[in-house]
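Subject: Structure handover

Hello,

Here is the structure I promised to pass on. Please open it alongside this email; my notes follow.

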Amino acid sequence: MKKVLGPVGIIIIVLAVLALLFIPKYNGLVTAEENVDSKWAQVENQLQRRYDLIPNLVESVKGYANHEQEVITSITEARAQMGNAQTPEEQASANDALNGALSRLLVVVENYPNLKADANFRQLMDELAGTENRLAVAREDYNNEVQGFNKKVKRFPGNIIAGMFGFDQKEYFKAAAGAEKAPAVDFSDSGKQ
């Protein structure tokens, strides 16, 4: 009986030590993944806020800029693309398209001083600017959480546990290609007919 209990006891002790090492790492990965998902939800929350503000902004501009239909159409299409985006990559791409459309809108607004003076339009622009700031903070928070999670997934022994339980690295929210260059803004009347 003693000969059987000795090896069984050692196996139980080894399994207990391994469990004590693996459980905190596994729980750490679960917590880190939840933190990433939570931060991504905050990014989506701000994207949704902007998505909801844009129709009001477009309606305000329509009354002043009926012949600027191309800009209004591009904003509407970019907003629809944002609404249909499912993954962080799709949302980042849709976000880039929406940013471009909104920047063209700002050029149009410069041509309509009465629109810039409209209280409703100013309030919407202020809300949009605040949303853009919150969105920038949410994206930064998300990327910080992704960095922490990816470190846990890549480092030893977390990489072994991550591989065993299917934890994969997360994607960062990245800037659009060419975002490092300032956009050219032309306020001349050459674009108007």
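**Charged residues: bridges and a patch**

K170 is partly exposed, because its relative accessibility is 22% and that class lies between buried (under 20% relative accessible area) and exposed (over 50%), with a 1.4 Å probe and protein chains only. The model is predicted: local features need pLDDT of at least 70, side-chain atom pairs count only at pLDDT 80 or more, and totals for chains, interfaces and linings use all residues. Residues are numbered from 1 along each chain as its sequence is written, and side-chain values use heavy atoms, with hydrogens and water left out.

**Salt bridges**

How many salt bridges does a search of the whole structure find? The search finds four. A salt bridge here is a side-chain nitrogen of Lys or Arg within 4 Å of a carboxyl oxygen of Asp or Glu.

Start with K170. Its salt bridge with E33 has the closest N and O atoms 3.3 Å apart. This pair links distant parts of the chain. K170 sits in the segment after helix 6, E33 in helix 1 (residues 2-62), and 137 residues separate them. Helices are DSSP runs (H or I, at least four residues), numbered from the N terminus. E33 is partly exposed, at 21% relative accessible area.

K170 also meets D37 in a salt bridge, at 3.9 Å from N to O. D37 is in helix 1 too, 133 residues from K170. D37 is partly exposed, with 36% relative accessibility.

Next, R50 and E132. Their salt bridge brings the closest N and O atoms to 2.8 Å. R50 belongs to helix 1 and E132 to helix 5, 82 residues apart. Is R50 buried or exposed? R50 is buried, because its relative accessible area is 0%. E132 is partly exposed, at 22%.

Shared partners join E33, D37 and K170 into one network of salt bridges.

**A positive patch**

K25, K151, K152 and R155 form a positive surface patch. Patches are made of residues with over 30% relative accessible area and no salt bridge, with like charges joined within 9 Å. Lys and Arg count as positive. The place of a charge is NZ for Lys and CZ for Arg.

R155 lies in the loop between helix 5 (119-154) and helix 6 (158-165). R155 is exposed, with a relative accessible area of 53%.

Best wishes

Notes:
Patch = residues over 30% accessible without salt bridge, like charges linked within 9 Å, V, L, I, M, F, W, Y side chains within 5 Å. Areas by Shrake-Rupley, 256 points an atom, 1.4 Å probe, with all protein chains shown as cover. Helix = DSSP H or I, 4+ residues; strand = E, 2+ residues; numbered from the N terminus.
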